[in-house]
Amino acid sequence: MTESTKKPVIFSGMQPSGALTLGSFLGALKNWVALSEEYDCYYCIVDLHAITTRQEPADLRRRCLEQIAQYIACGLDPAKNTLFIQSHVPAHSELGWILNCYTMFGELSRMTQFKDKSARNTDNINAGLFTYPALMAADILLYQANLVPVGDDQRQHVELARDIATRFNGVHGDVFTIPEAFIPKTTEGARVMSLADPTRKMSKSEPTGGCVYLMDKPETILKSFKRAVTDSDAEVRYDIKEKPGVSNLMSIYSSTTGKSFETIEAEFAGQGYGAFKEAVGESVIERFRPIREQAEALLQDKTYLTQVYTEAANHAAYTANKTLRKVQKKLGFVAK
């Protein structure tokens, strides 16, 4: 492949700190699948980021394997996407330390997620929690990524990666590609809110009932939607300010069925919320059913999963090490 025909590069990753959610699927995975033909895609399970909070080792190992299986089951073809585990490519840690030395204390202290996570983990405000945006910059810059698919809550980190890359390039010449945050053109469903509190984003750390997980059983999914917070007037109408709960459910239903908000409003006119909630739940069940079944089958074939993430890590390492060697040479490190 020549430079003129080389595909632009995309990098993104998810932490294996909990099971993948409906929000993970609609906000990220669904969009990742659509990018496979047009871009050279690196999708990483960021286990190094996960340990900024305490993890049970056996659970972390299990979730990494589950996440690889779920990536594939969601439609990410290993032949078209590089699906790897972050800690299997040591260049991430090596460049992460180097970029710590090109990241300002004030920049890190302004990161919104550090403030939020510190407030939730007051007994473990560690240095990794503070400096992990530099590691995230390394994740992106190692692959000379052009685009980074993110939600609004991660845009600040991509901006910091751009600042770090620009600073390094300013001192050492043209080393890093300056990445751009990539927000999907279709925004419906991109930000899925909690079913228990529709003013908050759906999160892996949600209390029971607020979050729907990719591998949930059908009866669990339906129960969660039947309990979803709405309002008292029983009208299915999209109004994000006045009716956040109903609007969230409409966004989910639209994303899983392809129906417009106008069609949904007409479909449930005069029916109240009971029928609407059940329909949303059933649409999610049917969307997740083949994913759950395929993921469960893949998890029975550990040999195949090991082959996928090992070959992907080797490919990722080849690309990452080229960037790392260039950086080390610019810094004056003695060649091995």
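Strand 1 (residues 9-14) and strand 2 run parallel and are joined by six bridges; two strands are said to pair if DSSP finds at least two bridges between them. Within this pair, Met 14 stands opposite Ile 45 in strand 2. The model is a predicted one, in which local features need pLDDT of at least 70 and side-chain atom pairs count only at pLDDT 80 or more, whereas totals for chains, interfaces and linings use all residues. Residues are numbered from 1 along each chain as its sequence is written, and side-chain values use heavy atoms, with hydrogens and water left out.

Strand 2 (residues 40-45) is largely enclosed by the rest of the structure, because five of its six residues are buried. Here, buried means under 20% relative accessible area, exposed means over 50%, and partly exposed lies in between (1.4 Å probe, protein chains only).

The wider setting may now be described. The chain contains 13 helices and five strands; these are DSSP runs, numbered from the N terminus, with helices (H or I) of at least four residues and strands (E) of at least two. The radius of gyration of the chain is 21 Å, close to the 20 Å that the globule rule gives for 336 residues, so the chain is as compact as a globular protein of that length. This radius is taken over C-alpha atoms, and the globule rule is 2.2 Å times the number of residues to the power 0.38. Of the 336 residues, 49% count as buried. Among contacts with a separation of 6 or more, 75% are between residues 24 or more positions apart, a contact being heavy atoms within 4.5 Å.

The loop between helix 9 (218-226) and helix 10 (244-257) holds Lys 241. Lys 241 has a relative accessible area of 75% and is therefore exposed. Although Lys 241 and Thr 199 are 42 residues apart in sequence, their C-alpha atoms are 9.6 Å apart in space. Ala 234 is also placed in the loop between helix 9 and helix 10. With a relative accessible area of 38%, Ala 234 is partly exposed.

The backbone deserves attention as well. Most residues other than glycine have a negative phi. Ala 234, however, has a positive phi of about 65 degrees although it is not a glycine. Gln 144, likewise not a glycine, has a positive phi of about 50 degrees. Gln 144 lies in the loop between helix 7 (127-141) and strand 4 (147-149).
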